[in-house]
Amino acid sequence: PLVAHLKIRRTALANWYKPSLLNCILIALGMAFLASLIFVREMQRPLSPTQRFAAAQNANEFQPFFQPIVNSQSGAVEGCEALLRWVKTNGEVIPPMKFINELEISPMLVPVTLGIIERSLFVLSPILRARPNFHIAFNITPEHIIATNFVTELNSICARHAVLPASMTVEITERLGAASDEAVRRATQMVRSAGYKIALDDVGTGHNGLAQVHDFEADYL
């Protein structure tokens, strides 16, 4: 076998390495500068509505406000309607007219709505269990109610808080009207079969007419 011995003076090696190290440092600084510019640009770019809603949901900024439902003859409070309000962490309350329309066409509508139902029952479940005739209503869009898992999700939330379906009213909103009436009719039948009440919200202000009032077999208007 052959054996080779190679010797390089340290001074020569050091002189060869210096230019390469300098180039690496310059390249690294340049890349860091470009990365900083991209980061600053992304931070300054406004969030999309879906991103804003997701951030608010993660921060628990969507809260239910309870509007009482009063018997006009006896004056007794027989229930309430849970209204969605956006309360930022700094205490600022964003008016519904500034975000509801965007939320209703956002993918965040369903998780936000289910979150409001969950928080509402967490607060009011003792009253709902103690007063069987007391009920709470939630606004649900037609697109949400025709989702195949709507009743299943609603049942799960009620079970977690030991609330009977009879204490819950699903108010179908009229603002969108994109879902077919037949699909909504079948969905409302499933909701009623599960023990929940059906109401039509803001009747006459949206696209629905008297035919829908009849077909959806609403308990309340």
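This note goes through the salt bridges of a predicted model.

1. A search of the whole structure finds four salt bridges. The points below take up particular pairs and the residues that form them.

2. Arg52 and Glu102 form one of these bridges through their side chains, at 3.0 Å from N to O. The two residues come from distant parts of the chain, 50 residues apart: Arg52 belongs to helix α2 (residues 49-58) and Glu102 to helix α3 (residues 100-104). Arg52 is partly exposed, at 29% relative accessibility. Glu102 is also partly exposed, with a relative accessible area of 34%.

3. A salt bridge joins the side chains of Arg160 and Glu118, with an N to O distance of 2.6 Å. Arg160 is in helix α6 (residues 150-160) and Glu118 in helix α4 (residues 109-130), so this pair ties together parts 42 residues apart in sequence. Arg160 has a relative accessible area of 53% and is therefore exposed, the cut-off being over 50%. Glu118, at 23% relative accessibility, counts as partly exposed.

4. The side chains of Arg185 and Glu182 meet at 2.5 Å, N to O, in a salt bridge. Both residues sit in helix α7 (residues 181-193), three residues apart, which is about one turn of the helix. Arg185 has a relative accessible area of 24% and is partly exposed; Glu182 is partly exposed at 36% relative accessibility.

5. Glu182 and Arg185 should be read together with Arg186, as a network of salt bridges links these three residues.

Notes
Residues numbered from 1 in each chain as written. Predicted model: local features only at pLDDT ≥ 70, side-chain atom pairs only at ≥ 80, totals over all residues. Heavy atoms only, no water. Helix = DSSP H or I, 4+ residues; strand = E, 2+ residues; numbered from the N terminus. Buried < 20%, exposed > 50% of the residue type's maximum accessible area, 1.4 Å probe, protein only.
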